[in-house]
Amino acid sequence: SDVCSSDLVFNPGSNAVSYTANLRQTNSCLAGYTLLTNCVPRTNTLATASGADLYAFRVTPDMVQVVFEVFPTTGNVDLFLNNGDPQPPPGPANFVHASRKPGLQNEFLCLVTNATPYRLTPDTWLLGVQNQSGLAGVTYSVRACALYASNFTRLASDIAQCRSIEPGRPDQPNSGVQFYTYTFTNQNARW
């Protein structure tokens with residue numbers, strides 16, 4: 001189940017106090033959000049000139065990078081990204097990352113686990129696609145694509161790696177690519 005909000009009760013005094021908490025459970029705190037599947041684009045149309053659509057993407061602990069993309073086809077849209085509580089929704093006044101390219105340019109945000117100040121963390125990340133064209137009926141596609149730690153091959157000094165690679169596909173980011181990681185130290189650095 002989704003956990004979208006948490007609160008705490010704090011007693012700053014030295015004596016015990018009584019309190020009452022009233023809780024309400026809803027079926028989903030992500031009502032109104034469309035859940036995205038890894039690397040599967042969703043096409044939608046913003047019906048109104050200032051409309052917005054909301055999406056959610058669940059980032060798991062084994063993901064090291066996620067790319068959030070919007071491909072406008074008939075008008076200018078902007079992409080807003082937030083995580084945590086879904087209310088208020090991500091938009092021009094509530095975001096940690098935004099892509100605001102003019103016209104029909106693709107919107108693109110890339111988050112990684114070791115970035116600052118806003119790094120990719122395991123959470124439900126929330127996307128807002130906002131119509132900026134001033135026209136009704138703007139069509140676009142939205143996609144979130146993750147790289148997992150298991151997508152990377154760790155290399156060791158003086159150990160050869162020979163592999164084949166399939167050709168890349170334009171509809172699948174990171175296809176036709178192999179990822180490697182290597183730790184350099186003073187003992188094994190050779191240029």
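Three aromatic pairs are found when the whole structure is searched. The model is predicted, so local features require pLDDT of at least 70 and side-chain atom pairs count only at pLDDT 80 or more, while totals for chains, interfaces and linings use all residues. Residues are numbered from 1 along each chain as its sequence is written, and side-chain values use heavy atoms, with hydrogens and water left out.

**Exercise 1. Aromatic pairs**

Task: Determine how many aromatic pairs the structure contains, and characterise the geometry of the pair formed by tyrosine 55 and tyrosine 140.

Solution. 

Step 1. The search returns three aromatic pairs. The rings of Phe, Tyr and Trp (its six-membered ring) pair if their centres lie within 6.5 Å; planes under 30 degrees apart are stacked, over 60 edge-to-face, and the rest tilted.

Step 2. For tyrosine 55 and tyrosine 140, the centre-to-centre distance is 6.5 Å and the angle between the planes is 85 degrees, an edge-to-face arrangement. The two residues are 85 apart in the chain, tyrosine 55 belonging to strand E3 and tyrosine 140 to strand E9. Strands (E, at least two residues) and helices (H or I, at least four) are DSSP runs numbered from the N terminus.

Step 3. Tyrosine 55 is buried at 2% relative accessibility, and tyrosine 140 is buried at 0%.

Step 4. Phenylalanine 57 and phenylalanine 68 have ring centres 6.2 Å apart and planes at 90 degrees, so this pair is also edge-to-face. Because phenylalanine 57 lies in E3 and phenylalanine 68 in strand E4, the pair ties together parts 11 residues apart in sequence. Phenylalanine 57 is buried at 2% relative accessible area, as is phenylalanine 68 at 0%.

**Exercise 2. The setting of strand E3**

Solution. 

Step 1. Six of the eight residues of E3 (residues 52–59) are buried, so the strand is largely enclosed by the rest of the structure.

**Exercise 3. Charged side chains**

Task: Locate the salt bridge of the structure, and state what is found at aspartate 78 instead.

Solution. 

Step 1. A salt bridge requires a side-chain nitrogen of Lys or Arg within 4 Å of a carboxyl oxygen of Asp or Glu. The structure holds one such bridge.

Step 2. Its members are arginine 143 and glutamate 69, whose closest N and O atoms are 3.0 Å apart. The chain positions are 74 residues apart, arginine 143 in E9 (residues 138–148) and glutamate 69 in E4 (residues 63–72).

Step 3. Arginine 143 is buried with a relative accessible area of 8%, and glutamate 69 is buried with 11%.

Step 4. Aspartate 78, in strand E5 (residues 77–83), is buried but has no salt bridge; arginine 100 is the nearest side chain of opposite charge, at 4.4 Å. For charge, Lys and Arg count as positive and Asp and Glu as negative, with His and the chain ends not counted.

**Exercise 4. Backbone exceptions**

Task: Find where a cis peptide bond occurs and which residue other than glycine has a positive phi.

Solution. 

Step 1. Most residues other than glycine have a negative phi, and most peptide bonds are trans.

Step 2. The bond from glutamine 87 to proline 88 is cis, with omega near 0 degrees. Proline 88 sits in the loop between E5 and strand E6 (97–99).

Step 3. Cysteine 39 has a positive phi, near 65 degrees. Cysteine 39 is in the loop between E1 and strand E2 (42–46) and is buried at 10% relative accessibility.

**Exercise 5. The whole chain**

Task: Summarise the secondary structure and the burial of the protein.

Solution. 

Step 1. The protein has zero helices and 11 strands.

Step 2. Of its 191 residues, 31% are buried.

Step 3. Among contacts between residues at least 6 apart in sequence, 73% join residues at least 24 apart.

Terms used:
Buried means under 20% relative accessible area, exposed over 50%, partly exposed in between (1.4 Å probe, protein chains only). Contact means heavy atoms within 4.5 Å.
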